[in-house]
Amino acid sequence: MEDCLFCKIVKGEIPSNKVYEDDEILAFKDINPKAPVHILIIPKKHISSANEIEEIDEALIGRMFTVIKKIAKDMDLKNGYRIINNCGEDGGQEVKHLHFHLLGGKKLGISMC
Ligand code: AMP
Ligand code: ZN
């Protein structure tokens with residue numbers, strides 16, 4: 001996707017502060033962190049949102065969660081963390097490339113909206 005911000009990050013056209021990378025998955029620090037640790041985990045393949053995940057993506061999406069677990073361990077989030085996905089307009093999704101937010105490093109509030 002030519003106009004997609006996160007595809008540009010995948011291609012290296014826009015810099016990012018990477019914390020994890022493999023053939024299919026990239027994770028980098030959020031530019032506007034909402035917690036001491038705020039990482040975005042994305043598939044390198046362009047998937048617009050959680051609502052566009054197809055059956056063929058199931059293994060990839062599953063693996064994203066083992067990557068999140070690894071990053072949480074690397075970041076020393078022993079006390080837990082939060083994984084967030086904003087999906088679509090009402091979900092508050094700003095960047096239309098699937099991403100999971102990994103937040104931690106402090107006791108997070110309970111607000112969901
Ligand atoms: P969402 O509202 O779920 O679509 O979240 C998009 C996230 O991307 C926000 O938390 C932004 O701070 C973050 N973001 C936007 N541009 C960049 C960038 N160039 N590098 C890292 N994070 C970004
Ligand atoms: Zn994209």
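Predicted model: local features only at pLDDT ≥ 70, side-chain atom pairs only at ≥ 80, totals over all residues.
Local features require pLDDT of at least 70 and side-chain atom pairs pLDDT 80 or more, whereas totals for chains, interfaces and linings use all residues. Residues are numbered from 1 along each chain as its sequence is written, and side-chain values rest on heavy atoms, with hydrogens and water left out.

The shell around ligand 1 contains 16 residues, of which Asp30, Asn86, Glu94, His99 and His101 come nearest, a residue being counted if one of its heavy atoms lies within 4 Å of the ligand. By class, seven of the shell residues are nonpolar, six are polar and three are charged; Ala, Val, Leu, Ile, Met, Phe, Trp, Tyr, Cys and Pro count as nonpolar, Asp, Glu, Lys and Arg as charged, and the others, Gly among them, as polar. An oxygen atom of ligand 1 is 2.8 Å from an N or O atom in the side chain of Asn86, and for the side chain of His101 an N or O atom is likewise 2.8 Å from an oxygen atom of the ligand. At Gly92, a polar backbone atom is 3.2 Å from an oxygen atom of ligand 1. The protein covers 87% of the 510 Å² of accessible area that ligand 1 has on its own (Shrake-Rupley method, 1.4 Å probe).

A pocket is defined on a 1 Å grid over the protein atoms alone, as an open set of points where a 1.4 Å probe fits, with protein on both sides within 12 Å along at least five of seven lines, and lining residues have an atom within 4 Å of a point. Of the 28 lining residues, Asp30, Lys34, His38, Leu40 and His101 are closest to the centre of the pocket.

Technical notes. Chains lettered and ligands numbered in written order. Polar contact = N/O pair within 3.5 Å; in protein donor to acceptor, adjacent residues only side chain to side chain.
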